[in-house]
Amino acid sequence: MYSIDLNSDLGESFGAYKIGRDEDVIPMVSSANVACGFHAGDPTVMAKTALLCKENGIAIGAHPGFNDLVGFGRRNMNVAPSDIKNMIIYQVGALDAFCKATGIKMQHVKPHGALYNMAAKDAALAAAICEGIYEYNPELILMGLANSEMINQAKKLGLPYAAEVFADRAYEDDGTLVARTKPGAMIKDEAEAVSRVVGMIKKHSVTSINGNEIEICPDSVCVHGDSEKALIFVEKIRDTLQKEGIAIKPVYEIISER
């Protein structure tokens, strides 16, 4: 029996600016990664998103990033690992306050954007993220790029982890994500995205942007909530997973089955 967590990056509106279709996407996923105010989101949006997760029975996690609202957290920044650890604790604590106020329990932490991609390769950065999570709550699950330094550092620390793959992103030969600045970085064809997801789950393999096969074993699949086709992607992926006999479960259930 195959099973997978289906997650999406949500709660990324702030102030007068609306990003994504959270009300439509949340009921379609099993885990939501909620922005914590640094790259996107604000207190009111966090409160509303936590309530939406509770009402729909969806597991919630923090989505901390660089303090870069203008760049949506997608610009590389030179930040000391000690500062990164404190930024993680700060942002996770902020969302956790709204979880407690709403009466739900936080499930996981997934770094955002440039922080996520840098920590996939940088052991010191990955360790700082894992240490921040562990010191705040060692039961929280790190959601990180499959086969990355984040997963390695979580294992070393004894932090629960979930290996994440992407439905709408292309891969380099080393298993990292193709930079958004490069052609072909985003998978825009729904049929291709769905086919890749099924292959990653059932065959533990994905084709890189250069045509090479990469071994990959996912616990969770992400669809970006801010993409123009987010709702279409998540609907088609969910429908196909059900037809393929692949159960959709929150990530804490997936990792308990290892």
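This is a predicted model: local features need pLDDT of at least 70, side-chain atom pairs count only at pLDDT 80 or more; totals for chains, interfaces and linings use all residues.
1. Residues are numbered from 1 along each chain as its sequence is written, and side-chain values use heavy atoms, with hydrogens and water left out.

2. The structure holds 13 salt bridges, a salt bridge being a side-chain nitrogen of Lys or Arg within 4 Å of a carboxyl oxygen of Asp or Glu. D9, K110 and E164 are linked in a network of such bridges.

3. D68 pairs with R75 in a salt bridge whose closest N and O atoms are 2.4 Å apart. D68 is buried at 5% relative accessibility, while R75, at 44%, is partly exposed; buried means under 20% relative accessible area, exposed over 50%, and partly exposed in between, with a 1.4 Å probe and protein chains only.

4. Within helix α3, D96 and K100 lie four residues apart, about one turn of the helix, and their side chains meet in a salt bridge with an N to O distance of 3.7 Å. D96 is buried at 10%, whereas K100 is exposed at 61%.

5. K249 forms a salt bridge with E257, with 2.5 Å between the closest N and O atoms; K249 is partly exposed at 22%, and E257 is partly exposed at 43%.

6. N86 also belongs to helix α3, residues 81-102, helices being DSSP runs of H or I with at least four residues, numbered from the N terminus. N86 is partly exposed at 45%, and its C-alpha atom is separated by 12 Å from that of G65, 21 residues apart along the chain.

How values were computed: Helices (H or I, at least four residues) and strands (E, at least two) are DSSP runs, numbered from the N terminus.
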